[in-house]
Amino acid sequence: MSLELEAVTVVFRGNGRRPVPAVVEVTLQVERGQVVGLVGESGSGKSSLGKAAVGLLRPTSGCVRFNGKPVSAIGRRARPSSQLGLQMVLQNPFESLNPRRTVGNQIKDAMRASHLSKRLQDARLSQLLGVLGLAPDTAGKFPHQFSGGQRQRVAVARALAASPSMLILDEPFASLDASAQAQLANVLRVLADEEQVGMLVISHDLAIVRHIADRIAVMYLGTIVESGVASDVWSSALHPYTEALIGAIPKVDGRGALPIALPGEIADPANPPSGCRFHPRCPHAFAVCQVDSPVLIEASPGRNVACWLRHPDEAVRASGADGEADSDASSDEMLGRDSV
Amino acid sequence: MEVGDEPLLKVRSMNVKLAARNRLISVVEKVDFDVFEGKVSGIAGESGSGKTVSMMAILGLLPHGSIVSGHAFYGGQDLLVSSEKRLAKVRGKEIALIMQDPHSSLHPMLSVGVQLSDHVRHHLKLSREDAREHSIDLLHQVRIPNPAASFTAYPHQFSGGMRQRIAIAIALACGPKIIIADEPTTGLDVTVQAGILHLLRELGERRGLAILLITHDLGVMSAIADRVTIMYAGRVVETGTAEDVIGSPRHPYTAALLAALPHPERPETDLVPIPGQLGPPGLRPSGCAFHPRCQYAKSQCSSVVPDLVEVRPGRSHACLVDPFMATL
């Protein structure tokens, strides 16, 4: 009972344009009851990967399997019922809800699709609203009558109505204020723990993902650069990009510590840098990084990283250490551990 | 703390009522705050707390039919009673504004250069050539790569972070004394946000600009603000230095907001949501507006509106119960 992505590549092609490889050979697995956080800046290909995982996009190569069966791209025909357990919450609840229908009816759509008998639907609806902390009279209202946070919870309720065993959530926390964000994060964690729902949570916010995810995968320009158990990735990042993402999160202590800025911007995926895709922005980049792209290696059991600095061959790492005399010290500095 | 310093902008007991259908709704009540030279002063609160409306009232940007009372002293005048003609001279020139979404605050059909130089030519009466030179210098100051080429480029050719830098360049164009930044980093990646925060802090420290930072994000507030004012339901509930307010909050609302946030340095702590929600203006609870959501509320909280009490110079809070008094 799991979702498996194997060497999934998504390439967008347009008339007369250079093909845009948004996702490049990504392999990822989500077990039942497990929360996997997929993080990275906008433009890293997270949403494309999420859409490929539910079949909203057809992978150019590679395959997606849900409970061992291949996930077919959504077309005109109804999805096979074996895929009903795989559901998605889209990024923008302002666009993904129908403005002209009550939210109750929209949530019941998913129940009808999963052949829940009519007499059970009302009970299930009020149960779902309760789980997500929405008032019982929510069902009769229209999307415009809700705040962004409430709409997001309605969208989650709709996805849950089909009783999924696997949920893909694209930026579920993006439009929420602190309190609503905390509430949704707690609800998701409970669903994973008590109902064994597996989740792929796509977010640019590593701080909140750290709170609910069992595992974290960090994506940069279409590829996974690091993955591992959430607390390990957080406390000892192996990839410089992960370090930069963590260092850029402001600390909420009122002491005025500036977060660490990462220079440059994510490159155009149609024209990625040579070698390691991160090298133009990497503070530790050395000669090899500009030429060869590092492969994802298993640094320790369950912990993967694609960085020349973590290459098993000492000679490769040493060639980098020449240029970067003291890479440990500078990585501490990047994390801002000792900055005032 | 700079208690003795005279603030550049001093807002006192400001009330704002907005017209809705055929009644007036009070959205800002008795708000006080100060903005100091060379400092970043922050106003934080959830959406609907009145922080943006307060800023618009100061700049005279509220829709017709709105009723504003109180004072906003700036350079010997009260902005809240100034004529539109006088305000027009202050707005954009002495007090500049950076909006949340540079995608919609920049004109998509005009080049960056035109948007920058029009503004300078209008307020500073520079010639076309001088304005161009000045504009390129501004783009350089906000670290836009290749400023001369960017001068002729259009907003869509830049990323979100770069567009926000252009918006900051436009705000800086006329040498303002105060910059109001309304959610300047919301919607940006944290990596890009960090760069913008560095730039804002530098503007405060190196150029002595006064920055009024409006945001719901206490992390952003914590990174660059010197002083913080927390608003809830149109009222100030707590104010003080960033270290005091965020480090040791005195009002239950501030404490609840902090408990809901993930703390990067303490990843194991639970996220605690605030029960209930802030109702719309016009349907606010009686007494202290936070009382239905407050775990420390007592019976008096539902009937008495707490006033802002100064516990020491520059540090105030508005809570009848004051549950954290003993811990401080």
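Colleague: How many bridges join β10(B) to strand β12 of chain B?

Modeller: This is a predicted model, in which local features need pLDDT of at least 70, side-chain atom pairs count only at pLDDT 80 or more, and totals for chains, interfaces and linings use all residues. Residues are numbered from 1 along each chain as its sequence is written, while chains are lettered from A and ligands numbered from 1 in the order in which they are written. Strands here are DSSP runs of E with at least two residues, helices are runs of H or I with at least four, and both are numbered from the N terminus; two strands pair if DSSP finds at least two bridges between them. β12(B) covers residues 315-317 and runs antiparallel to β10(B), and the number of bridges joining them is two.

Colleague: Which residue in the turn between β9(B) and β10(B) has a positive phi?

Modeller: β9(B), residues 227-232, pairs with β10(B) in the antiparallel sense over six bridges. Within that pairing, B:Met231 sits opposite B:Val236. The two strands make a hairpin with two residues between them, and the one in the turn with a positive phi, about 50°, is B:Ala233.

Colleague: Which strands stand at the edges of the open sheet in chain B?

Modeller: Four strands make up that sheet, in the order β2-β1-β4-β5, with antiparallel pairing. β1(B), residues 9-20, pairs with β2(B) over nine bridges, and B:Leu18 has B:Ile25 as its bridge partner in β2(B). Each edge strand has a single partner, so one side of it is left without a neighbour in the sheet; these strands are β2 (23-35) and β5 (77-78) of chain B.

Colleague: Why does chain B count as being as compact as a globular protein of its length?

Modeller: Chain B has eleven helices and twelve strands. Its C-alpha trace spans about 65 × 50 × 40 Å along the principal axes. The radius of gyration is taken over C-alpha atoms, and the globule rule is 2.2 Å times the number of residues to the power 0.38. For 328 residues that rule gives 20 Å, so chain B is as compact as a globular protein of that length because its radius of gyration is close to that, at 20 Å.

Colleague: How far apart are the centres of domain 1 and domain 2 of chain A?

Modeller: The domain bounds come from an automatic or database domain assignment, which gives domain 1 (2-225) and domain 2 (239-335). Between them, 19 residues of domain 1 are in contact with 15 residues of domain 2. Taken over C-alpha atoms, the centres are separated by 30 Å.

Colleague: Is A:Gln83 buried or exposed?

Modeller: A:Gln83 is in the loop between β5 (69-70) and β6 (86-89) of chain A. Leaving aside neighbours within four places in sequence, A:Gln83 is in contact with A:Phe66 and A:Val71. Because it has 20 C-beta neighbours inside 10 Å, A:Gln83 counts as buried.

Colleague: Where in chain A does pLDDT stay under 50?

Modeller: pLDDT is the predictor's confidence in each residue, from 0 to 100. Chain A averages 88, and 94% of the residues score at least 70. Where pLDDT is low, the predicted coordinates should not be read in detail. In chain A, the stretch where pLDDT stays under 50 is residues 323-340.

Conventions:
Two residues are in contact if their C-beta atoms, placed from the backbone, lie within 7 Å. A residue is buried if 20 or more other C-beta atoms lie within 10 Å of its own, exposed if 12 or fewer, and partly exposed in between; C-beta atoms are placed from the backbone.
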